Amino acid sequence: MSAPKSPATDLVYRLEDKPPFANALLSAVTHLLAIFVPMITPALIVGGALKLPSEMTAYLVSMAMVASGVGTYLQVNRFGPVGSGLLSIQSVNFSFVGVMIALGSGMKEQGMDTNAMMSALLGVAFVGAFLVAGSAWLLPYLKKVITPTVSGVVVMMIGLSLISVAITEFGGGFTALGNGTFGSMQNIGLAAFVLLVVLVFNCMKNPLLRMSGIAVGMVAGYIAALVMGMVDFSVLQNLPAFTLPVPFKYGFEFHWTAFFVAGLVYLLSIFEAVGDLTATAMVSGEDYEGEAFRQRLRGGVLADGLVSVIATALGSLPLTTFAQNNGVIQMTGVASRHVGKFIAAILVILGLFPVVGRAFTTIPSPVIGGAMVLMFGLITVAGVRILMSHGINRREMVIAATSIGLGLGVSFKPEVFGQLPLKELFQNPICMGGLAALLMNLVMPDDNASRVYLSDDLEV
């Protein structure tokens, strides 16, 4: 008996079809429109929050594009056991934004300079990526430890911890906090305009317009900022012609405490990749059960880890398989993995030109904040959905409530655990909430009480 497949009657090009050059290029550009803003925004947010020099932030953006291109090429081509062989696009993992900011801020407080801090952050991320690669053969066992309750709590804590960053950008960013312009009518008005445009597009019936809402909102906000004289182009002067990737550009350092914090998020990213790859197989009309799919899944997760190894070595934040392109597959009917080769080539080419990465650093903070308030709120709501996906009983409610209470409490008063050994583990809200959920899930007895499910027709 063959494994089940999703109906693929609407597909114009199936997985192994090779569209003509013009069709493939158009489809590649459509995919890029859906993922480009989420791809480069994490580097901009981390750069702003950690007050990185503009050239360092620009390098993060450039390497995010290069690494995403390399990773996408590995995924779609499936070299031996590496890669899913699906139209799977790699992009920067938003889950690491809050962790990087928290760890980096702590390192700066300890007196590290910017280079040493980036060396340590990327070194920890580099080693942690091997956890994902090694887990490709342990997926059945990990599912028993990291349940939807644990995953839901961690995703909620990621969203909640990022909202404080988003609202800071909304008011003008960390620079505005220093020069006294934070919360000015100019900043608030610009951020509110971006948010309004994003919301208007999200209310439209056309799926492509809805998916483009954040990109359109930021473009509209950037144009408004130009008119208001809020864009500084001085950072675009005297740029080299090309950005050459330099492995371990800032050196290599490793900190065990930071590794434990990042490792928890890496473990969560494994299940994010599994969900995204399963969804891609379904919308592509391919098997989503059975041995062939399990091998495809293993290859996708293995590629996920190896791609993050490459990305962090080059100087990018960690990557993961993106889900946004699944909507594009459904809209365009193009599931051909060969389109991924065009996407990969475009991303690498864009990343090699420093003017592209540096241009993104000219986006004013309120423009980023206006879009990110909604995006990070949606991450929080996604955590609720995961938490409720398999129903929730009294046991899960107690685990979730306790974990969120501890995690959110730490974000308000991190000094409460300042006297403990390895205090960085307990002072990070994502790690605190995740560890609490993980430990309680292992030790609390099962509760056979009836479960409450999130209604399938509930729109969140």
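## A walk through the cavities, a pocket and the core

Start by selecting Asn93, Val132, Tyr266, Ser269, Asp304, Gly305, Ser308, Leu319 and Thr320, the residues that line the second largest cavity. You are looking at a predicted model, where local features need pLDDT of at least 70, side-chain atom pairs count only at pLDDT 80 or more, and totals for chains, interfaces and linings use all residues. Residues are numbered from 1 along each chain as its sequence is written, and side-chain values use heavy atoms, with hydrogens and water left out.

What counts as a cavity here? On a 1 Å grid over the protein atoms alone, a cavity is a set of points where a 1.4 Å probe fits but cannot get out, while a pocket is an open set with protein on both sides within 12 Å along at least five of seven lines; lining residues have an atom within 4 Å of a point. Grid points are joined across faces, edges and corners, and a volume is the space filled by probe spheres set on the points.

The second largest cavity holds about 40 Å³ of space. Now colour by helix and strand (DSSP runs numbered from the N terminus: H or I of at least four residues for helices, E of at least two for strands). Helix H11 (256–283), H12 and strand E2 (319–321) each put at least two residues into this lining, and H12 gives the most, with three residues. By class, the lining has three nonpolar, five polar and one charged residues. In that scheme, Ala, Val, Leu, Ile, Met, Phe, Trp, Tyr, Cys and Pro are nonpolar, Asp, Glu, Lys and Arg are charged, and the others, Gly among them, are polar.

**Next stop: the largest cavity.** Its volume is about 50 Å³. Select its lining: Ser119, Leu122, Gly123, Phe248, Lys249, Tyr250, Gly251, Thr312, Ala313, Leu314 and Gly315.

Is Phe248 buried or partly exposed? Its relative accessible area is 33%, so Phe248 is partly exposed; buried means under 20%, exposed over 50%, and partly exposed in between (1.4 Å probe, protein chains only). Leaving out residues up to four places away in sequence, Phe248 touches Phe126 and Ala313, where contact means heavy atoms within 4.5 Å. Draw a C-alpha distance from Phe248 to Phe126 and you get 9.9 Å, for a pair 122 residues apart along the chain.

**Then the second largest pocket.** About 890 Å³ of space lies in it. Of its 30 lining residues, Ala102, Leu103, Ser105, Gly106 and Gln427 are the closest to its centre. H3 contributes the largest share of the lining, nine residues.

**Last, the core.** Select Ile45, Met118, Met372 and Phe376: among the 140 residues of the largest nonpolar core, these touch the most other members. A nonpolar core is a set of buried Ala, Val, Leu, Ile, Met, Phe, Trp, Tyr and Cys residues joined through side-chain atoms within 4.5 Å. Zoom in on Met372: not counting residues up to four places away in sequence, Met372 touches Thr41, Ile45, Phe94, Ala166 and Gly377.
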